[in-house]
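Here is a short briefing on one protein model. Keep the structure open and find each place as you read.

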Amino acid sequence: MLERRSPDAGSQSALLALEDGIRRIRDARAVMAFAAEHLARHLGADRVCYAEMDKAGRRFALQVEHTSGRLPPLTGQQRLDAFGQDVGDSMRRGDPLSCSDTLAQPGLNREQQRTYRDSGIRAYISVPLVRDGDFKAILAVHHAEVRVWTPVEQQLVQDVGDRTWAAVLRTRVAVELRRSEARFRQLFESIDQGFCIIDIAFDADGHANDYRFIEVNAAFARHTGLTDVVGRSMREVAVDLEADWYEPYGDVARTGQPRRFETQALGLGGRWFEVYAFPLEGIGHQVGVLFSDISERRRISDAVRESQVQLSAVIEHVPVGIGLFDTEGRYLMTNPRLQELVGDVLPSHDPRSRWRAYDVEGRLLSPEEYPNSRALRGETVPPTVDFHSYLDGRERWIVFGAVPLWRDGKVIGGILVAQDITERRRVESALRESEWRLSTLIQGIPQLVWRSSDRGRWTWASPQWEQFTGQGQDAAIGLGWLEAIHPEDREATLEAWAQAGEAEVMAVEHRVRHAGSGDHVWHSTRSRPLRDPQGRIVEWLGTTTDIQQFKALQARQRELLEQQAEQNRRKDEFLAILAHELRNPLAPLRTTLELLVEAGDAPFARSLTRMQRQVDHMVRLVEDLLEVSRITRGTIELRREQLDLNEVLNVAIDTSRPWIEQAGHALDIALAPPPCCQVDGDPVRLAQVFSNLLNNAAKFTHAPGRIALASVAEGDRVRVTVTDDGVGMPPERIGGIFNLFAQIRQEKQHMLSGLGIGLTLVRSIVELHGGRVTAHSDGIGRGSRFEVELPLIPIKAPGDEDMVDPRMDAPGRHRVMVVDDNRDAADAIAEYLEFAGQEVAVAYDGESALARFPGFAPAMVLMDLGMPGLSGFETAARMRALRVEAPLILVALSGWTHEDDKRRSREAGFDVHLAKPVEVATLRRVMAEYLGTA
């Protein structure tokens with residue numbers, strides 16, 4: 001046993017160095033390794049090692065070993081008593097032990113001596129390391145040679161062992177503490193519930209009025225929606241939080257008793273929380289709070305309660321009877337509808353036996369087979385059992401169903417459902433009767449009736465089909481019925497079915513084979529779909545009707561129409577020939593009358609005037625016949641141009657004025673002020689329209705009468721009205737007044753009449769112009785009114801197209817080139833243009849025109865299209881290429897005036913297309929529109 005001595009200076013220095021070294025080490029094994037190396041170096045020992053003991057103190061396991069290399073290493077576990085009984089006893093008592101020469105150590109047996117020889121230990125110091133009275137480890141210093149250990153060395157080893165072991169224990173405690181903290185932190189952060197440690201603040205009266213967050217886990221923000229709260233008070237992070245939240249935590253801090261509660265935080269968005277608060281003992285007023293956001297759970301709970309309330313309300317008011325019954329057949333709960341239907345007793349337990357139950361096949365059931373009885377035996381019975389009762393003069397049908405209620409594998413009752421089907425039974429009965437009547441009707445009608453699925457696949461055919469075609473029901477099903485259709489008609493029939501879905505109807509005419517004669521007879525087949533409540537097509541119902549006689553009538557009608565058309569054609573030809581033949585003798589007759597009038601033969605002056613008037617009337621009748629012939633044959637052609645309708649009206653007035661004045665009538669004129677009435681039309685034909693209307697007004701008005709002509713623009717149309725106070729028309733005859741040869745004859749009428757052609761010409765010409773004409777009259781003797789409406793052309797704004805060429809010599813004077821291979825036509829137009837004050841250049845072919853074009857620099861070119869050599873189209877294209885910057889107006893002159901001709905000239909670059917021969921008025925209008933001439 002070693003005595004404890006105070007360390008000398010060298011030992012003290014070694015201990016200080018040891019403590020300084022191990023202070024920075026955080027690992028227990030590293031502490032022991034540092035101490036072993038330090039002590040071995042200081043003592044010059046061959047080995048210093050640490051070994052930990054088992055719980056019995058009998059065996060040790062080497063932990064750290066520092067050697068000089070002169071001793072073999074110690075491995076595995078060793079028995080302590082193998083080094084001597086005294087060694088083991090001393091160590092277990094906690095007494096240090098040293099030996100200078102193990103070969104001279106008394107009390108060792110041979111085995112123990114061999115242990116020392118094998119380990120190479122000749123001298124040693126062994127110090128037991130004891131903690132709380134328990135032998136935990138050994139610090140051993142070994143030397144390979146005999147060594148007398150000084151008391152200072154022995155004390156140093158003991159001091160190193162004590163201090164080293166204390167450091168080892170501290171290190172192990174710190175490591176375990178860190179591990180414990182890590183496990184706690186992992187648990188703290190991994191729990192799904194929110195957790196926080198709070199420090200409660202109290203006011204002067206001892207009431208909790210706030211708390212500060214000391215620590216929070218990761219789930220805290222998810223449950224509260226609050227972030228960055230550590231070190232801050234609740235009143236900082238949630239200003240609107242209710243005061244009721246502080247006092248419960250204050251109670252926990254004051255009383256030291258945990259508390260569990262549920263409450264809502266309106267200041268945190270109305271969230272609901274389940275809270276468990278507990279005190280943290282010995283840490284002031286700190287409280288641990290474990291909580292969960294149960295807002296969704298509360299919402300679900302509230303929804304379930306609301307759903308239960310709604311379900312109860314539904315059960316209470318649903319038109320289906322619902323009841324809960326026990327195993328004895330007693331009702332535990334019924335809704336009002338079930339009470340109304342069956343009363344307080346199950347049908348199987350009703351002593352009055354007023355019920356008769358039938359299954360789906362109509363079989364009468366006994367009470368043991370009723371749905372409630374079967375449910376108590378564990379069966380689920382759908383609502384397919386119909387109950388019939390007749391009580392107090394009232395018949396009722398009710399369908400029942402039932403399901404069992406189970407608990408622990410046993411039936412404890414059931415749920416009964418019942419619905420009144422009295423009305424359904426009545427409807428079904430009526431439907432069966434209706435189907436019977438329909439079947440009887442189908443069998444009695446001559447039509448062939450059938451039913452089909454989609455695409456014409458028949459599912460049923462009436463007996464009439466088999467009677468007519470000889471094709472049986474089985475043969476007609478699907479597409480078999482097509483065999484009875486004429487081969488040439490089958491494709492059209494299938495096409496009609498293909499389009500039936502879109503058209504909502506299938507309709508086709510085809511020939512069906514007659515079984516008796518073998519002939520194919522014309523039939524009309526029609527079908528419409530039947531739909532379910534969702535609008536889906538369930539099937540098609542159709543009929544096939546014999547139309548052979550109708551087809552014969554159609555053929556006869558076509559034959560009659562062709563005959564009538566041929567007669568009309570011959571009539572038109574006759575009228576045309578008649579008109580032409582009548583003009584031949586009228587021409588010299590008219591000329592002769594004019595000569596006689598000019599000769600001034602006084603005795604016959606009045607007779608000549610009368611004859612001249614009748615001849616003029618005859619000429620008009622012939623002209624009307626010619627016009628009718630042209631219109632009915634479709635040969636009339638309009639020579640359209642843009643014109644002022646007021647000018648046309650003035651022409652018509654000038655034409656009709658002699659007739660009006662001769663008849664002794666007054667003419668009132670009210671034309672729309674210019675510019676307003678630009679139309680696209682044939683000026684001659686339009687003048688003919690209004691002249692006819694004015695002439696009719698003069699003809700059918702008693703002298704002295706009053707005739708009015710007015711025009712007014714309304715939006716994109718112009719309306720011209722001709723009104724008179726003449727004989728009028730019956731309202732019922734107005735609709736046919738525009739028909740060919742239509743006349744309204746009146747008794748005692750002595751006025752001039754005609755052939756009934758004029759108004760037909762008026763309507764035809766107006767409609768060819770895209771307009772319409774209507775007649776109005778309040779009756780006989782109350783005058784007439786005719787209205788003509790025509791579409792207007794938009795009026796061009798000043799400056800839109802009237803670009804003035806800077807080359808014109810003076811205001812109103814422009815350079816105009818005329819190009820036409822017809823020299824007379826070109827010279828005539830040039831003479832008029834020069835007369836109108838324009839500077840004119842004339843060319844008789846395209847090459848000459850192009851040669852003069854650059855030097856003359858015209859503002860407008862009037863050019864024929866059909867010139868030989870270089871055509872007008874090619875010449876125009878080259879002129880456009882030469883004149884890129886300055887404006888150039890190209891006017892096409894052509895005898896071809898169809899729309900295709902006008903389109904082609906526009907595409908070639910022409911601005912205007914005029915029909916040849918060009919009238920002076922038309923030329924004047926174009927010059928004014930495009931060049932601004934007066």
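Are helices α1 and α2 roughly parallel or roughly antiparallel to each other? The axes of α1 (residues 9–23) and α2 (residues 28–43) cross at roughly 155°. Angles over 145 degrees count as roughly antiparallel, so α1 and α2 are roughly antiparallel to each other. Remember throughout that this is a predicted model.

**Helix pair α1 and α2**

- The axes of α1 and α2 come within 10 Å.
- The crossing of α1 past α2 is right-handed.
- On the α1 side, the contact is made by Gly-10, Ser-11, Ala-14, Ala-17, Leu-18, Gly-21 and Ile-22.
- On the α2 side, their partners are Val-31, Phe-34, Ala-35, His-38 and His-42.
- Sorted by class, this contact of α1 with α2 holds seven nonpolar, five polar and no charged residues.

**Helix pair α23 and α24**

- Helix α24 covers residues 872–882 and packs against α23 at an angle of about 15°.
- The axes of α23 and α24 are 10 Å apart.
- Angles under 35 degrees count as roughly parallel, so α23 and α24 are roughly parallel to each other.
- The crossing of α23 and α24 is right-handed.
- Gly-846, Ala-849, Leu-850, Phe-853 and Pro-854 are the α23 residues in this contact.
- They meet Thr-875, Arg-878, Met-879 and Leu-882 of α24.
- By class, the contact of α23 with α24 has six nonpolar, two polar and one charged residues.

**Nonpolar cores**

- In soluble globular proteins, nonpolar side chains tend to be buried together.
- The largest nonpolar core in this model has 39 residues.
- Leu-645, Phe-690, Leu-693, Leu-694 and Ile-707 touch the most other members of this core.
- Elements giving two or more residues to this core include helices α19 (645–662), α20 and α21 (758–768).
- Strands also give two or more, among them β27, β28 (717–724), β29 (772–776) and β30 (784–791).
- α20 gives the most to this core, with eight residues.
- Leaving out residues up to four places away in sequence, Leu-693 touches Val-722, Leu-759, Val-762, Phe-786 and Val-788.
- A second, separate core has 32 residues, including Ala-36, Val-127, Val-160 and Ala-167.

**Backbone features in loops**

- The peptide bond from Ala-703 to Pro-704 is cis, with omega near -10°.
- Pro-704 sits in the loop between α20 (683–699) and β27 (706–714).
- Asp-408 is not a glycine, yet its phi is positive, near 55°.
- Asp-408 belongs to the loop between β17 (394–407) and β18 (410–420).
- Ala-857 is not a glycine either, and its phi is positive at about 50°.
- Ala-857 lies in the loop between α23 (846–856) and β33 (860–864).

**Buried or exposed?**

- Which class does Asp-408 fall into, buried or exposed? Its relative accessibility is 76%, so Asp-408 counts as exposed.
- Ala-857 has 4% relative accessibility, so Ala-857 counts as buried.
- Thr-922 lies in helix α26 (residues 920–931).
- Thr-922 counts as buried because its relative accessibility is 4%.
- Setting aside neighbours within four places in sequence, Thr-922 is in contact with Glu-641 and Leu-914.

Technical notes. Residues are numbered from 1 along each chain as its sequence is written. This is a predicted model: local features need pLDDT of at least 70, side-chain atom pairs count only at pLDDT 80 or more; totals for chains, interfaces and linings use all residues. Side-chain values use heavy atoms; hydrogens and water are left out. Helices (H or I, at least four residues) and strands (E, at least two) are DSSP runs, numbered from the N terminus. Buried means under 20% relative accessible area, exposed over 50%, partly exposed in between (1.4 Å probe, protein chains only). Contact means heavy atoms within 4.5 Å. A nonpolar core is a set of buried Ala, Val, Leu, Ile, Met, Phe, Trp, Tyr and Cys residues joined through side-chain atoms within 4.5 Å. Axes are lines fitted to C-alpha atoms, for helices over the stretch in contact, and angles run from 0 to 180 degrees between N-to-C directions. Angles under 35 degrees count as roughly parallel, over 145 as roughly antiparallel, 65 to 115 as roughly perpendicular and the rest as oblique. A crossing is left-handed if the near helix is turned anticlockwise from the far one by less than a right angle, and right-handed if clockwise. Ala, Val, Leu, Ile, Met, Phe, Trp, Tyr, Cys and Pro count as nonpolar, Asp, Glu, Lys and Arg as charged, and the others, Gly among them, as polar.
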